[in-house]
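Here is a walk through one model, from its loops to its helices and then to its ligands. Keep the sequence and the 3D view open as you read.

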Amino acid sequence: MPGTSVIGLQWGDEAKGKLVDLLTDRHDVVVRYQGGANAGHTVVVGPETYKLSLIPSGIINPGVQCVVTGGVVINPKTMLSEVDGLVSRGLPIAGNLLISDRAHIIFPWHMAEDRILDESTADGENIGTTQRGIGPCYRDKVGRSYALRLGDLYRPTLKSRIEHIVGVKQKLLSALDQSLSDSLDSDAIYQEYAEYAERMQPYVGDTNCYLLDAVDSGKQILFEGAQGSLLDIDHGTFPFVTSSNSSGVGVSSGSAVAGRFIDRIIGVVKAYSTRVGGGPFPSEQENAAGVHLRENGNEYGTVTGRPRRCGWLDGVAIRYSARLGGVDELAVMLLDVLSGLKELKVCTAYEVNGKKTSDFPSHVDQLRDAVPIYETLPGWNEKIEDVQHLEELPAAARQYLEFISHYVERPVTFVSVGPDRKQTILCGSEMKRCGSV
Ligand code: GDP
Ligand code: IMO
Ligand code: MG
């Protein structure tokens, strides 16, 4: 059973959704295994643009089974509105979507905690979360006693459990903001979630069983990572991270499929760097280059609409993520955004406490103090949105790709030059795989 995994190597929004959609027709099953509605994945097919948050980007391909596993935290309202949106656009969801009964559920108290706790941090320590309740829901999952999973919504004890949890949450929240505590009404929450449960029931099942059977029967499985490796709770830029394992190490724990069944790991890299929210970003450019990247790349958050912070490609960071995730090959996305820049910089080392290093620092303060050391490469002026073959790219664009590949020590197999499915250049082994050479 050859499985493929797609992992973002930066701070999210690397265009993972586009790559997953491209790869879907060679797979039987597409799996989302961590994160929640903090993710916003965009798929563009001709005149149609799809924005997906919880449902795998494979859903645009009819006939592919999409699975949301127990590693994901689910806001049922968001899930149902995503389902409704896709159905209203004529996509056949029934029978194609399976959601784990082990997935933890986001409740109104999680959203309230997310907002108030992130606002209550000391100066400069604000994570700038998406306020979707992700952190508080994962916190309750680890804490266990006040957590509810999708399967619990169908148990006769649901009402009494919600009443009990609301009582405890009110006590905790009232210490920070009485109005948030007062806004929690356990009867209304029970009614609302019982209705969501009924509407979601056709999609709910045991995804562990499903995926383990799929492995046994030799199905081709595609794993869609959310967020990016540098937002990983254990291996990212803690505490400015998300609350799940969003690097390559999270695939097995989130999906229940052992790593030995995954034989292709693709690291997705935006041709420059972006970050939403707080936290150090050594190669950030708050200048004309940063404005070029934001405006040409339309770098505004898919989920919150916040302007994304922009900067040069950070080679140190992506090399770390690629090694961490056991990445085999690279997909370099949004290369077209660089057209028109006279010169391009790639960070190839940091100076930390007077010492040069190409290791990614483990402590956030070291990363904050890191002075980026750049290699400068020539830019190009030509528009490249319509380029279909590597050799048609300007020489400077090819040099840039070769530089990345050489520095990260992985081949580049996909180059994306625009949001549409068709605006993709296949290179090297990927061309052979698709019979293009
Ligand atoms: P994800 O979260 O990793 O799936 O990425 P997002 O969808 O949040 O952000 C990527 C954005 O870039 C989306 O608006 C895509 O439509 C767009 N996009 C994807 N590939 C390209 C590309 O090669 N060039 C340009 N200009 N835009 C792209
Ligand atoms: P996709 O899958 C970019 C960021 C938030 C914040 C931090 C923690 O589209 O790449 P959270 O709400 O998860 O507690 O926020 O993580 N973040 C993302 N940034 N893309 C994402 O997802 C993100 N998901 C979370 O901005 O800095
Ligand atoms: Mg995104």
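Start in a loop. Glutamine 131 sits in the loop between helix H3 (108-119) and helix H4 (134-143). Helices (H or I, at least four residues) and strands (E, at least two) are DSSP runs, numbered from the N terminus. The phi of glutamine 131 is near 60°, a positive value in a residue other than glycine. Most residues other than glycine have a negative phi, and most peptide bonds are trans.

A word on the ground rules. This is a predicted model, in which local features need pLDDT of at least 70 and side-chain atom pairs count only at pLDDT 80 or more, while totals for chains, interfaces and linings use all residues. Residues are numbered from 1 along each chain as its sequence is written, chains are lettered from A and ligands numbered from 1 in the order in which they are written, and side-chain values use heavy atoms, with hydrogens and water left out.

Proline 239 lies between strand E10 (221-224) and helix H9 (250-255). The peptide bond that leads from phenylalanine 238 to proline 239 is cis, and its omega is near 10°.

Now turn to the helix pairs. Two packed helices are described by the angle between their axes and the distance between the axes. Here axes are lines fitted to C-alpha atoms, for helices over the stretch in contact, and angles run from 0 to 180 degrees between N-to-C directions.

Go back to H3. H3 packs against helix H5 (residues 158-174) at about 15°, and their axes are 11 Å apart. H3 is therefore roughly parallel to H5. Angles under 35 degrees count as roughly parallel, over 145 as roughly antiparallel, 65 to 115 as roughly perpendicular and the rest as oblique. H3 and H5 cross in a left-handed way. A crossing is left-handed if the near helix is turned anticlockwise from the far one by less than a right angle, and right-handed if clockwise.

Helix H2 (residues 76-88) packs on helix H7 (residues 186-200) at about 40°, with the axes 10 Å apart. H2 is therefore oblique to H7. Their crossing is left-handed.

How do helix H11 (residues 315-324) and helix H13 (residues 395-408) pack? Their angle is about 55°, and their axes are 9 Å apart. H11 and H13 are therefore oblique to each other. H11 passes H13 in a right-handed crossing.

Next come the ligands. Around ligand 1 there are 19 residues, and the closest are Lys16, Gly40, Thr42, Asp336 and Ser416. A residue counts as near if one of its heavy atoms lies within 4 Å. An N or O atom in the side chain of serine 416 is 2.5 Å from an oxygen atom of ligand 1. A polar backbone atom of glycine 40 is 2.8 Å from an oxygen atom of ligand 1. Taken alone, ligand 1 exposes 590 Å², and the protein buries 91% of that. Accessible areas come from the Shrake-Rupley method with a 1.4 Å probe.

Ligand 2 has 20 residues around it, and Lys16, His41, Thr130, Gln227 and Thr242 come nearest. A polar side-chain atom of threonine 242 lies 2.6 Å from an oxygen atom of ligand 2. For glycine 40, a backbone N or O atom is 2.9 Å from an oxygen atom of ligand 2. Such polar contacts pair N or O atoms within 3.5 Å. Taken alone, ligand 2 exposes 550 Å², of which the protein buries 97%.

Technical notes. A polar contact is a pair of N or O atoms within 3.5 Å; within protein, one must be able to donate a hydrogen and the other to accept it, and residues adjacent in sequence count only if both atoms are side-chain atoms.
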